[in-house]
Amino acid sequence: MNNKLTAAERRHLALVKELPCSVCDTPGPSDAHHVKQNRQYTCVALCKSCHQGSLMGWHGQRRAWAIAKMDEMDALNITIMRLREST
């Protein structure tokens, strides 16, 4: 698979990274968490804690996600809604 990003993919990721966290609403900049690797348009805006935090993060114990009663699809939906609102 070609891992080179197109200009459109780079623009999309940059916009996602400007958004607040889709789980806890911490203001951006955010990380772009890939729901599925190498699928640039299924990225979720996440703060460092909700993304990589050992207790709260998706790549940890996911406590923030449990508290918010969210999964990746819920967060992706919020990210998409915010992207649409910003255009």
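Is Lys48 buried or exposed? Lys48 is exposed, with a relative accessible area of 55%. This is a predicted model. The structure holds 2 salt bridges.

**Salt bridges**

- Asp25 pairs with Arg82, with 2.4 Å between the closest N and O atoms.
- This second pair links distant parts of the chain, 57 residues apart. Asp25 is in the loop between helix H1 (7-18) and strand E1 (31-34), and Arg82 is in helix H4 (residues 72-85).
- Asp25 has 47% relative accessibility, so it counts as partly exposed.
- Arg82 is one of the buried residues of H4.

- His51 is found in helix H2.
- His51 counts as buried, because its relative accessibility is 8%.
- Beyond its neighbours within four places in sequence, His51 is in contact with Asp31, His33, Leu46, Gly57, Trp58 and His59.
- His33 is 18 residues away from His51 in sequence, yet their C-alpha atoms are 7.0 Å apart in space.

**Ser30 and the loop between H1 and E1**

- Ser30 is found in the loop between H1 and E1.
- Ser30 has 7% relative accessibility, so it counts as buried.
- A polar atom of the Ser30 side chain lies 2.6 Å from the backbone oxygen of Leu19.
- Setting aside neighbours within four places in sequence, Ser30 is in contact with Val16, Lys17, Leu19, Pro20, Cys21, Ala45, Leu46 and Cys47.
- Pro29 is found in this loop too. The peptide bond from Gly28 to Pro29 is cis, with omega near 10 degrees.

**Helix H4**

- H4 has 14 residues. From its first C-alpha to its last it reaches 20 Å, close to the 20 Å expected at 1.5 Å a residue.
- Asp71 caps the N-terminal end of H4, with a side-chain oxygen 3.0 Å from the backbone nitrogen of Met73.
- Which residues of H4 are buried? They are Glu72, Ala75, Leu76, Thr79, Arg82 and Leu83.
- These residues cover an arc of only 125 degrees around the axis, which means they lie on the same side of H4.
- An α-helix has 3.6 residues a turn, so residues three or four places apart point the same way.
- The face turned away from the buried side carries the exposed residues Arg84 and Glu85.
- The cover over the buried residues of H4 includes H1, E1, strand E2 (43-46) and helix H3 (63-68).

**Nonpolar cores**

- Nonpolar side chains tend to be buried together in soluble globular proteins.
- The largest nonpolar core here has 12 residues: Cys21, Val23, Val44, Leu46, Cys47, Cys50, Trp58, Ala64, Trp65, Met70, Ala75 and Leu76.
- E2, H3 and H4 are the elements that give two or more residues to this core.
- Apart from this core lies another, of 7 residues, including Leu13, Ala32, Cys43 and Leu83.
- Leu46, a member of the largest core, touches Cys21, Val23, Ser30, Asp31, His33, His51 and Trp65, not counting residues up to four places away in sequence.

**Positive phi angles**

- Arg62 is not a glycine, yet it has a positive phi of about 60 degrees. Arg62 is found in the loop between H2 and H3.
- Arg62 is partly exposed, with a relative accessible area of 36%.
- Lys69 is not a glycine either, and has a positive phi of about 55 degrees. Lys69 is found in the loop between H3 and H4.
- Lys69 is exposed, with a relative accessible area of 72%.

Terms used. Residues numbered from 1 in each chain as written. Predicted model: local features only at pLDDT ≥ 70, side-chain atom pairs only at ≥ 80, totals over all residues. Heavy atoms only, no water. Salt bridge = Lys/Arg side-chain N within 4 Å of Asp/Glu carboxyl O. Helix = DSSP H or I, 4+ residues; strand = E, 2+ residues; numbered from the N terminus. Buried < 20%, exposed > 50% of the residue type's maximum accessible area, 1.4 Å probe, protein only. Contact = heavy atoms within 4.5 Å. Polar contact = N/O pair within 3.5 Å; in protein donor to acceptor, adjacent residues only side chain to side chain. Expected span 1.5 Å × (residues − 1). Arc of directions from axis to C-beta. Core = buried A, V, L, I, M, F, W, Y, C linked by side-chain atoms within 4.5 Å.
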